[in-house]
Amino acid sequence: MSSDYITVLLHNDIRWLSRGKVLAHVCELHLELKTFFLQNQPHNEFATLLSDSSWTSKVSYLADIFEVLNLGMQGVDAKILSVTDKLEAFKCKIDLWQQEVETTTSIHMFPNAARADPGGVVLHDLILELLALLKQQLQHYFPSLDTSDKDWVGTFSSAEEFDWSFT
């Protein structure tokens, strides 16, 4: 196997990885994982799943969605107003993705999924269904993301940019 990864990290070394990163690593190492499990435990359920192109396509799609969600929602600089703006932008992105998938039947905006299912044969209908469900759930959990009345807070968010001289 010619993988970029030589050793398996111990649990305590990877415990801080997000679910999205774990899914992305499973997509990256799909063939290596499949080979490993088929050689060592051929009747393992995970080996069977890794051999199923439909399952790996779905995992690839989930890795893409989690990557988009995790990019701006976490971290030191994640403030409620910026995360709210990013959630609003994400809801708009879902609309654009739905239109694109419906009109062109392309899933190119999900790179891992597009590699796992090049023609979108397996994932096309599922992606449309899951995007609609995701949008519905976001609307349910975050019904009002309007922060226009709190825009004034942003002017105080960075003290370095403010001119503190009183002359």
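1. Along the sequence, the chain follows the pattern α-α-α-α-α-α-α-α. Its secondary structure comes to eight helices and zero strands. Both terms refer to DSSP runs, numbered from the N terminus: helices are H or I runs of at least four residues, and strands are E runs of at least two.

2. This is a predicted model, in which local features need pLDDT of at least 70 and side-chain atom pairs count only at pLDDT 80 or more, while totals for chains, interfaces and linings use all residues. Residues are numbered from 1 along each chain as its sequence is written, and side-chain values use heavy atoms, with hydrogens and water left out.

3. Check the confidence before reading details. The score is pLDDT, the predictor's confidence in each residue, from 0 to 100. The chain averages 79, and 70% of the residues score at least 70. Confidence is lowest in helix H1 (residues 11-14), with a mean of 47. It is highest in H8, at 93. Over residues 10-16 the pLDDT is below 50. Beyond near neighbours in sequence, that stretch has one contact in the model. Contact means heavy atoms within 4.5 Å.

4. Next, the chain as a whole. Of its 167 residues, 26% are buried. Buried means under 20% relative accessible area, exposed means over 50%, and partly exposed lies in between (1.4 Å probe, protein chains only). Take the contacts between residues at least 6 apart in sequence: 62% of them join residues at least 24 apart.

5. How do H6 and H8 pack? Helix H6 (residues 80-104) and helix H8 (residues 124-141) pack at an angle of about 155°, with their axes 10 Å apart. That makes H6 roughly antiparallel to H8. The cut-offs are these: angles under 35 degrees are roughly parallel, over 145 roughly antiparallel, 65 to 115 roughly perpendicular, and the rest oblique. Axes are lines fitted to C-alpha atoms, for helices over the stretch in contact, and angles run from 0 to 180 degrees between N-to-C directions.

6. Now the residues of that pair. On the H6 side, the contact includes Leu87, Phe90, Ile94, Trp97 and Val101. On the H8 side, it includes Ile127, Leu128, Leu131, Leu134 and Leu138. By class, the contact has eleven nonpolar, three polar and four charged residues. Nonpolar covers Ala, Val, Leu, Ile, Met, Phe, Trp, Tyr, Cys and Pro; charged covers Asp, Glu, Lys and Arg; the others, Gly among them, are polar.

7. Look at Ile65, in helix H5 (residues 53-73). Ile65 counts as buried because its relative accessibility is 8%. Not counting residues up to four places away in sequence, Ile65 touches Trp97, Phe110, Leu131 and Leu134. Ile65 and Leu131 are 66 residues apart along the chain, and their C-alpha atoms are separated by 9.7 Å.

8. Is Leu123 buried or exposed? At 0% relative accessibility, Leu123 counts as buried. Leu123 sits in the loop between H7 and H8. Leaving aside neighbours within four places in sequence, Leu123 is in contact with Ser57, Lys58, Tyr61, Ile107, Ala113 and Asp117.

9. Thr105 lies in the loop between H6 and helix H7 (111-116). Its phi is near 55°, a positive value in a residue other than glycine. Thr105 counts as partly exposed, at 43% relative accessibility. The C-alpha atoms of Leu123 and Thr105 are separated by 9.8 Å.
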